[in-house]
Amino acid sequence: MLAPEQQLTEAKRRLRLPRIVVICGSTRFMAEMNEADLRETEAGKIVVKPGWDMKSPDGLRSDPVEADALKARLGDLHRAKILLADEVLIVGDYIGDSARAEITYARSLGKPVRFTHPEVAPDD
């Protein structure tokens, strides 16, 4: 019996889906993420990326409890995007704690990880 991740990979293959790339990194690079989205889409890939920028004025929540709960839900959602994806693209010239955790998670799943700025790629 195949593991769930292997079943997902096999189902995507049978459906002949294009490769799926998830864009990760600090949301301070949202403009660069949008540019990467265009490039990857032009290359024929399905792109998923953060849909909410908690650092923007629109993303802020005045209630700290609500903000923390939202951040946790968004983190869970982004990990699901990584699980769904065939590869990960880290955007930006800075790797913070969240991006580092995303890289570690992607690598634990055996997902290839690319960087727009390879010089910041962690070795772990």
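**View 1. The second largest pocket of this predicted model is lined by Glu5, Leu8, Thr9, Lys12, Leu83, Ala85, Asp86, Leu109, Gly110, Lys111 and Pro112.** The model is predicted, not experimental. About 160 Å³ of space lies in this second largest pocket. Helix H1 is the main contributor to the lining of the second largest pocket, giving four residues. Sorted by class, the lining of the second largest pocket holds five nonpolar, two polar and four charged residues. Lys12 and Asp86 both belong to this lining, and they return in the next view.

**View 2. A salt bridge joins the side chains of Asp86 and Lys12.** The N to O distance is 2.8 Å. The pair links distant parts of the chain, 74 residues apart. Asp86 sits in the loop between H3 and strand E3 (87-90). Lys12 belongs to helix H1. Both partners, Asp86 and Lys12, are buried. The count for the model comes to 10 salt bridges.

**View 3. Glu40 takes part in salt bridges with Lys45 and with Arg114.** In the pair with Lys45, the closest N and O atoms are 3.2 Å apart. In the pair with Arg114, the closest N and O atoms are 2.9 Å apart. Glu40 lies in helix H2 (residues 30-42) and Arg114 in strand E4 (residues 113-115), so this pair ties together parts that are 74 residues apart in sequence. Glu40 counts as buried because its relative accessibility is 8%, under the 20% limit. Arg114 has 30% relative accessibility and therefore counts as partly exposed. A network of salt bridges links Arg19, Glu40, Lys45, Glu87 and Arg114.

**View 4. The largest pocket holds about 690 Å³ of space.** Its lining is made of 25 residues. Which of them lie nearest the centre of the largest pocket? They are Thr27, Lys71, Gly75, Ser98 and Glu102. Helix H3 (64-84) and helix H4 (97-108) each supply at least two residues of the lining of the largest pocket. H3 gives the most to this lining, with nine residues. By class, the lining of the largest pocket comprises 10 nonpolar, eight polar and seven charged residues.

**View 5. The C-alpha atoms of Ala106 and Ile82 are separated by 6.4 Å.** Along the chain, Ala106 and Ile82 are 24 residues apart. Ala106 is part of helix H4. Is Ala106 buried or exposed? Ala106 counts as buried because its relative accessibility is 0%.

**View 6. Leu15, Leu17 and Ile46 make a nonpolar surface patch.** The patch covers about 270 Å². One of its members, Leu17, lies in the loop between helix H1 (4-14) and strand E1 (20-24). Leu17 is partly exposed because its relative accessible area is 39%, which falls between the limits of 20% and 50%.

**View 7. Arg16 has a positive phi of about 55 degrees.** Arg16 is not a glycine. Most residues other than glycine have a negative phi. Arg16 has 75% relative accessibility and so counts as exposed, whereas Leu17 is partly exposed.

Conventions: Residues numbered from 1 in each chain as written. Predicted model: local features only at pLDDT ≥ 70, side-chain atom pairs only at ≥ 80, totals over all residues. Heavy atoms only, no water. Patch = residues over 30% accessible without salt bridge, like charges linked within 9 Å, V, L, I, M, F, W, Y side chains within 5 Å. Areas by Shrake-Rupley, 256 points an atom, 1.4 Å probe, with all protein chains shown as cover. Salt bridge = Lys/Arg side-chain N within 4 Å of Asp/Glu carboxyl O. Buried < 20%, exposed > 50% of the residue type's maximum accessible area, 1.4 Å probe, protein only. 1 Å grid on protein atoms, 1.4 Å probe; cavity = no way out; pocket = protein on both sides within 12 Å on 5 of 7 lines; lining within 4 Å. Points joined across faces, edges and corners; volume = space filled by probe spheres on them. Nonpolar A, V, L, I, M, F, W, Y, C, P; charged D, E, K, R; others polar.
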